[in-house]
Amino acid sequence: LPRDAEVITDEPGLAWRAGRRVPGELVDASIKRIEQGHITTAVLAEAAAKDDVCGVLVWDDRYGDLRGLPAGYRVAARYGEPRVLYTKDDCVP
């Protein structure tokens, strides 16, 4: 991912360790926020469409199936179910 890119992930510590930021509204990826409806597939898709977001990393079952990602995202790497990295083609944050 580009150096200034943001990444959406259900494990924000992984993004931090990789030197990337998570969009502010998604820094807390707790199951409580998901159960309360603050983080939904629609919310993730809307955030993924932002110019600064170039990747979505699913590390556990909290974010589950992300079929709602905007056009232009593709699977860049798989790390064993459910771990997958989606990247946005031609992303320039």
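**Group meeting talk: a walk through one predicted model**

Let's start with T9, which is buried because its relative accessibility is 1%. Buried here means under 20% relative accessible area, exposed means over 50%, and partly exposed is in between, using a 1.4 Å probe and protein chains only.

Some ground rules. This is a predicted model, where local features need pLDDT of at least 70, side-chain atom pairs count only at pLDDT 80 or more, and totals for chains, interfaces and linings use all residues. Residues are numbered from 1 along each chain as its sequence is written, and side-chain values use heavy atoms, with hydrogens and water left out.

Back to T9. T9 sits in strand β1, residues 6–9. Helices (H or I, at least four residues) and strands (E, at least two) are DSSP runs, numbered from the N terminus.

What does the side chain of T9 have close to its polar atoms? The backbone nitrogen of E11 is 3.1 Å from one polar atom there. The backbone oxygen of L57 is 2.9 Å from a polar atom of that T9 side chain. T9 also touches A15, V22, A29, L57 and Y63, leaving out residues up to four places away in sequence. Contact means heavy atoms within 4.5 Å.

Next, the disulfide. The structure holds one. A disulfide is a pair of cysteine sulfur atoms within 2.5 Å. The partners are C54 and C91, with sulfur atoms 1.8 Å apart. C54 lies in strand β2 (residues 53–58) and C91 in the segment after β4 (84–88), so this pair ties together parts that are 37 residues apart in sequence. The link of C54 and C91 is left-handed, with -65 degrees about the S-S bond. Are the two cysteines buried or exposed? C54 is buried, at a relative accessible area of 1%. C91 counts as buried too, at 12% relative accessibility.

On to charges. Side chains of opposite charge can pair when their charged atoms come close. A salt bridge is a side-chain nitrogen of Lys or Arg within 4 Å of a carboxyl oxygen of Asp or Glu. How many salt bridges are there? The count is six.

Take R21 and E6. Their side chains meet in a salt bridge, 3.3 Å from N to O. R21 is in the loop between α1 (12–17) and α2 (31–35), E6 is in strand β1, and the two are 15 residues apart. R21 is partly exposed at 47% relative accessibility. E6 is buried, with a relative accessible area of 13%.

Now E25 and K50. This salt bridge is 3.0 Å, N to O. E25 is in the loop between α1 and α2, K50 is in the loop between α3 (41–48) and β2, and they are 25 residues apart. E25 counts as partly exposed at 38% relative accessibility. K50 counts as partly exposed at 40%.

Then R74 and D89. Their closest N and O atoms are 3.1 Å apart. R74 lies in strand β3 (residues 73–78) and D89 in the segment after β4, so the pair ties together parts that are 15 residues apart in sequence. R74 is partly exposed at 43% relative accessibility, and D89 is partly exposed at 40%.

Salt bridges link E11, D60 and R62.

Aromatic rings next. Rings of Phe, Tyr and Trp (its six-membered ring) pair if their centres lie within 6.5 Å; planes under 30 degrees apart count as stacked, over 60 as edge-to-face and the rest as tilted. The count is one aromatic pair. W59 and Y79 have ring centres 5.6 Å apart and planes at 50 degrees, so the pair is tilted. W59 is in the loop between β2 and β3, Y79 is in the loop between β3 and β4, and 20 residues separate them. W59 is partly exposed, with a relative accessible area of 24%. Y79 is partly exposed at 44% relative accessibility.

Last stop, the core. In soluble globular proteins, nonpolar side chains tend to be buried together. A nonpolar core is a set of buried Ala, Val, Leu, Ile, Met, Phe, Trp, Tyr and Cys residues joined through side-chain atoms within 4.5 Å. The largest one has 21 residues, and I8, L26, V56, Y63 and Y86 touch the most other members. Which elements give two or more residues to this core? They are β1, α3, β2 and β4. β2 gives the most, with four residues.

Finish on V56. Leaving aside neighbours within four places in sequence, V56 is in contact with V7, I8, A48, L66, L69, Y73, V84, L85 and Y86.

Note on methods: Polar contact = N/O pair within 3.5 Å; in protein donor to acceptor, adjacent residues only side chain to side chain.
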